[in-house]
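Keep the 3D view open as you read.

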Amino acid sequence: MAFSAAFSTSYTVQSNLACAQKSNPPSLMTSLLPTLVGKKLVYQPQRYKVFSPKRSVGAVRASIKWEKGYKNVEVFSKEHLAVSLAYDVAQLSNKFTKERGAFTVVLSGGSLIKYLRKLVESPYANSIEWSKWHVFWVDERVVPKDHLESNYKLAYDGFISKVPIPLVNVYAIDDALSAEGAADVYETTLRRLVKSNVIDTSTSGFPKFDLMLLGMGPDGHVASLFPGHPLLKEDQKWVTFINNSPKPPPERITFTFPVINSSSNVAMVVTGAGKANAVYSALEDDQKTDKLLLKWFHLKGR
């Protein structure tokens with residue numbers, strides 16, 4: 001599994017980040033980390049193996065190089081994040097539509113959708129093979145589709161309605177069912193699509209989505225898998241449900257961690273200073289605990 005993490009926060013780069021180039025001291029407002037960073041990091045200007053103007057906006061801000069071996073952890077300005085995300089998604093779309101004839105994308109809620117805004121603009125709006133896209137949700141609140149808390153509504157209003165993805169390829173939950181019923185039906189749908197080869201299959205037998213776009217909560221939760229919750233240990237089901245979510249609304253369905261971790265590509269798109277401590281703790285914590293979930297991808301990613 002290819003993993004990348006893109007961050008955008010408003011912390012000032014601290015003096016205890018060693019500068020890789022003494023002639024170019026850090027003076028940017030784009031560090032993902034608070035003052036407790038320590039000596040594990042090296043500040044450096046962002047570089048790409050192949051420079052692409054389409055993936056860059058103005059001055060490239062900053063990246064963080066983590067000495068523990070984590071790769072593809074990048075820190076952007078918010079505008080650069082949107083541009084870079086669009087470029088990378090478009091490249092993956094082109095790759096998988098050519099290789100598989102389909103592109104399976106899993107969305108989450110929160111601020112992610114607004115960072116997809118560049119995809120509905122030129123050149124991507126007219127160059128991506130939208131008819132080959134199949135769109136899913138990593139988690140969903142069991143509310144009507146027109147409800148303000150609906151991840152479907154958020155994605156439809158901000159993204160899906162603006163591009164020609166066939167609605168038959170957009171897989172929303174059945175909100176007329178209970179959380180348990182909706183989870184069962186959604187898993188049945190995934191199994192049908194795996195059987196018909198729309199969704200690829202991992203070596204472990206779980207569905208293998210081409211791209212999973214995830215956010216993260218201030219407490220470190222991913223999808224609707226919350227720190228300390230028993231669902232973190234679910235390793236048989238593809239889709240499960242929760243009736244007592246720590247964050248309202250209480251009834252939700254969610255992909256399980258084995259499904260998330262089986263994806264070909266996972267991008268964590270985390271923005272806002274309020275999540276900086278969670279990101280730092282998740283990357284820095286060596287203990288295999290479930291207090292913060294971001295590290296799970298690094299520990300067990302395929």
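Helix 4, residues 179-195, lies across strand 12 and strand 13 in this predicted model, and the helix runs at about 165° to strand 12. The two strands belong to an open sheet of three strands, ordered 8-13-12, with antiparallel pairing. At its edges are strand 8 (139-141) and strand 12 (239-242), each of which pairs on one side only. On average, neighbouring strands of this sheet are turned by 20° against each other, direction ignored.

To look at one of the pairings in detail, follow strand 8 against strand 13 (residues 252-255): the two pair in the antiparallel sense over three bridges. If you pick Asp 139, you will find its bridge partner in strand 13, namely Thr 254.

Arg 191 places its charged end over the ring of Trp 238, 3.9 Å from the ring's centre.

Now turn to helix 1, which covers residues 78-100. Just after helix 1 comes Gly 101, which takes a positive phi of about 80°. Lys 95 lies over the face of Phe 96, at 5.3 Å from the ring centre.

Phe 96 leads on to the aromatic residues. Together with Phe 103, Trp 130, Trp 133 and Phe 159, Phe 96 forms one aromatic cluster. The structure holds 11 aromatic pairs. One of them joins Phe 103 and Trp 133 in an edge-to-face arrangement, 5.1 Å centre to centre and with 75° between the planes. This pair links distant parts of the chain: Phe 103 is in strand 6 (residues 103-107) and Trp 133 in strand 7 (residues 133-137), 30 residues apart. Both Phe 103 and Trp 133 are buried.

Tyr 152 and Tyr 156 form a stacked pair, with 5.8 Å from centre to centre and 20° between the planes. Both sit in helix 3 (residues 151-158), and because they are four residues apart, about one helical turn separates them. An α-helix has 3.6 residues a turn, so residues three or four places apart point the same way. Is each tyrosine buried or partly exposed? Tyr 152 has 16% relative accessibility and therefore counts as buried, whereas Tyr 156, at 30%, counts as partly exposed.

Methods. Residues are numbered from 1 along each chain as its sequence is written. This is a predicted model: local features need pLDDT of at least 70, side-chain atom pairs count only at pLDDT 80 or more; totals for chains, interfaces and linings use all residues. Side-chain values use heavy atoms; hydrogens and water are left out. Two strands pair if DSSP finds at least two bridges between them. Axes are lines fitted to C-alpha atoms, for helices over the stretch in contact, and angles run from 0 to 180 degrees between N-to-C directions. Contact means heavy atoms within 4.5 Å. The expected span of a helix is 1.5 Å times one less than its number of residues. Rings of Phe, Tyr and Trp (its six-membered ring) pair if their centres lie within 6.5 Å; planes under 30 degrees apart count as stacked, over 60 as edge-to-face and the rest as tilted. Buried means under 20% relative accessible area, exposed over 50%, partly exposed in between (1.4 Å probe, protein chains only). A charge sits over a ring if NZ of Lys or CZ of Arg is within 6 Å of the ring centre and within 35 degrees of the ring normal.
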